[in-house]
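I opened this entry to record what I looked up about the interface between two chains. My notes follow the order of the look-ups.

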Amino acid sequence: MALVGDLKDLKLPSLIQLNCMEKNTAKLTIETDGRYGFVYFENGQVVHAEYDPQIGEEAVYRMLQLYSGKFKVESGIRAPAQTIKLSWNSLLLEGLHKMDDGEADPSRRYDHLFERLLTIKGVIKAKIINEADEIIASSSQDKSFSEYFYLLLNYETQKIGELLQLETPEIVTFSGGFNKFALCAFNKFLVVIELESKTKTEVILPFIRQALR
Amino acid sequence: MKNEWLDDITQLDAVQGAFIISNRGSVISLAGNLKKNQRLEDLSVRIMKSAAVFHKFSHSLSELELFWQKQVIICKVSQNFILVTVCSSRQILPLLRITLNVTYARLLEDKKFYKLVRDEAGDRTLFLNRDKLEAKETEIYSKIN
């Protein structure tokens with residue numbers, strides 16, 4: 001029977017560690033935003049990985065950067081090829097080093113913020129946009145609405161605040177025939193968070209506030 | 001303007017007021033401590049514009065909620081009207097949501113209300129016409145298209 005779960009609950013380093021220490025032969029599949037990644041274990045070693053277009057160690061390094069997605073571990077499935085020669089602990093160490101180095105990269109500056117947001121129950125994905133409609137950072141691809149759409153909505157809600165002699169709302173949520181979305185001001189930017197449709201704004205707000213702090 | 005439609009809502013503690021906006025942007029029912037004045041009219045137009053953005057791009061909108069530290073606005077959006085509630089506490093939100101659902105369902109079945117809304121029928125996306133938009137709105141809106 002396959003082990004299934006969410007990377008929000010069990011991160012990839014832990015999954016790799018678990019399978020290697022148990023000396024498993026297995027296939028780990030990760031699905032995030034319709035994109036698939038695979039890690040193969042043989043007798044407790046990582047022997048092959050794919051995360052299009054990467055293969056081998058680079059694929060593992062890329063997958064280590066994922067903070068959300070579904071995973072499935074199927075025992076007894078053997079690798080179609082051997083593309084990784086490093087021992088599993090060297091592979092993990094190198095991957096984690098690369099992640100640390102990557103934090104200097106501006107596109108990855110908000111990784112910790114996304115990680116904090118995505119561990120909140122009810123949060124599906126998030127992105128940060130600036131006033132020029134540029135997505136500064138995104139936890140995943142989302143084309144539900146144009147970025148200008150959010151900006152226009154944000155402008156209207158700011159004006160509503162002014163009419164009530166208040167500041168910009170702390171959070172604005174909207175729902176309809178889609179998942180629920182939340183808009184939050186974050187420094188000079190706007191954070192757009194996709195939420196599970198039944199999420200109650202007042203319940204999630206303290207957690208979002210803490211994550212954005 | 002009948003406001004007994006909204007009495008159940010405004011009887012809740014911390015609810016400052018509730019009102020219903022027609023698709024033409026007029027306040028067709030008002031209850032609680034809110035006063036019908038220019039500010040309320042402006043507020044209605046802003047809320048209607050927010051809803052119009054969704055309508056314009058074929059995204060259905062059913063709820064819009066705005067949270068400040070000490071103020072919450074909850075808008076329940078129907079095709080023909082928007083029910084807006086202004087509240088000063090988050091503690092009562094679970095009860096308020098239930099009350100809003102009940103009131104909303106009653107409104108949809110009320111013939112007098114239906115007639116009122118029908119008389120005030122209009123295309124909410126007209127609020128996004130160039131002559132209704134401020135410079136900043138026009139700038140952003142032109143980029144969506």
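**Interface of chain A and chain B**

I first looked up charged pairs: the rule finds three salt bridges across the interface of chain A and chain B, a salt bridge being a side-chain nitrogen of Lys or Arg within 4 Å of a carboxyl oxygen of Asp or Glu. In one of them the side chains of Glu156(A) and Arg46(B) meet, at 3.0 Å from N to O.

I noted that this is a predicted model, in which local features need pLDDT of at least 70 and side-chain atom pairs count only at pLDDT 80 or more, while totals for chains, interfaces and linings use all residues. Residues are numbered from 1 along each chain as its sequence is written, chains are lettered from A in the order in which they are written, and side-chain values use heavy atoms, without hydrogens and water.

I then looked up the extent of the interface. I found 36 residues of chain A in contact with 34 residues of chain B (heavy atoms within 4.5 Å). The buried area is about 3100 Å², of which carbon and sulfur atoms give 67%; this is the accessible area (1.4 Å probe) that the two parts lose on being put together, summed over both.

Last, I looked up strand pairing, which requires that DSSP finds at least two bridges between two strands. S9(A) pairs with strand S3 (residues 61-67) of chain B in the antiparallel sense over six bridges; strands are DSSP runs (E, at least two residues), numbered from the N terminus. I recorded that Phe174(A) stands opposite Leu64(B) in S3(B).

Technical notes
Helices (H or I, at least four residues) and strands (E, at least two) are DSSP runs, numbered from the N terminus.
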